[in-house]
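Hi everyone, thanks for coming.

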Amino acid sequence: MAASLKVMSARPDRVIGEVQGQVRHPEHAVARADDTLTRSAPFNVFIVLAAYNEGARIGQTVREVLAHYRHVVVVDDGSTDLTAREARAAGAVVLQHIVNRGQGAALQTGIEFSLRHGADCIVTFDGDGQHCVEDIAALTRPIEKGEVDVVLGSRFLGEADNLPWARRLMLKAGVLFTRAVSRVSVTDTHNGLRAFSNRAARRINITLDRMAHASELIDQVHRSGLAYREAPVRIRYTEYSLQKGQSGSAAIRILLDYLLKKVLP
Amino acid sequence: MNLFQVLGVTLIGILVALSVISVLRRRACWRSGSLWILIWLATGYVLVRPGITVVAARAIGIGRGADLVVYSAILMTMVGFFLTYLRARQQDRIITRLVRHIALTDAASWNADPGAPRENVNVPEGDHVNRSIESRRP
């Protein structure tokens, strides 16, 4: 099947090259652009989505991702709606937690499944439609080239449409806190769009099941000595996704969970 | 002895007997059983001889024996809460590991038999209530 492979820069709105070639899926492409990229073996990218009661949206999200990537893994975290059925019908591989354990636990399950199935690169992606599929390439490309092991998406380097000011304030506070406690300098500590190489995924072990896993992940990446960088991504805030976001009291709980993990066994 | 001491000593006696029985029936190891027996006996002694608390309190710089008892009770309660919290965290991690193992094992069995019917384990047809774990398996 002949297709056109657009090679994207770190800013997704800029196309820096275009290659005509025989491709089935982007990760199998043999492409030449500004910098030569040749791969004889396929670079298996697994997209992991943790979903809890996302039945209304998960099918669309899965179809959007499947249009670009072959391996889509949805971890249904004990949903009480038809999330698993919708995801399966859309074509994803679905793992099911029989009880709700939290996003951190669901992502770790998806990561372990992906590693067992030969993933070279694992991308975590939100199931509520906040993330843009087009941004994934900017995260996987540096890993495929061997430049880094982890790429963290940052809405503050990219675009955050309709981000409420209160949410922005809370996220900025999270960034400052992470810098103070972990001494890790990133611009967006709670962005669900991240990419890990196989090596990085094997070193990571998310133990904080709920939302505090985001801070724990950054901590582990930093302590492991893995090379990482940030990449700009877009976040689409809709009424649906804002409902699912964290309240102020939940943010305090995330903070306490993370601090307690650092001092307790 | 007053009525409170009589009732207290009776309760302590029952607790000591239960601890001894637990050790003899091997429901508890002798170390923890012995520790609890000592604790009950010490509590019983304080009940019978409350004046000992005054001696102990003055020895460590607290004015009244009753204050020592209250402070000790608060401290032991906080320690108990903390240990319970740690255990709850540990159990949380164990539950997550179990849930993950089930999810990965199920995925492997479904991959091995793609034609097998795949049910939504949490939502029966027309019903949006979580089913129990026992009713999940055929």
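Predicted model: local features only at pLDDT ≥ 70, side-chain atom pairs only at ≥ 80, totals over all residues.

Residues are numbered from 1 along each chain as its sequence is written, chains are lettered from A and ligands numbered from 1 in the order written, and side-chain values use heavy atoms, with hydrogens and water left out.

So, cores. By that I mean buried Ala, Val, Leu, Ile, Met, Phe, Trp, Tyr and Cys residues joined through side-chain atoms within 4.5 Å; buried is under 20% relative accessible area, exposed is over 50%, and partly exposed is in between, with a 1.4 Å probe and protein chains only. The largest one has 30 residues, and among those touching the most other members are A:Ile47, A:Val62 and A:Phe125. Apart from that core lies another, of 28 residues, including A:Val48 and A:Leu226.

Back to A:Val62: which residues is it in contact with, beyond neighbours within four places in sequence? They're A:Val72, A:Val74, A:Ala87, A:Ala90, A:Gly91 and A:Ala92, contact being heavy atoms within 4.5 Å.

Over in chain B, B:Ala57 counts as buried because its relative accessibility is 0%. Skipping neighbours within four places, B:Ala57 contacts B:Ile62, B:Arg64, B:Gly65 and B:Leu68. Its C-alpha sits 40 Å from that of B:Asp92, 35 residues apart along the chain.

And B:Phe81? Buried or exposed? At 55% relative accessibility, B:Phe81 counts as exposed.
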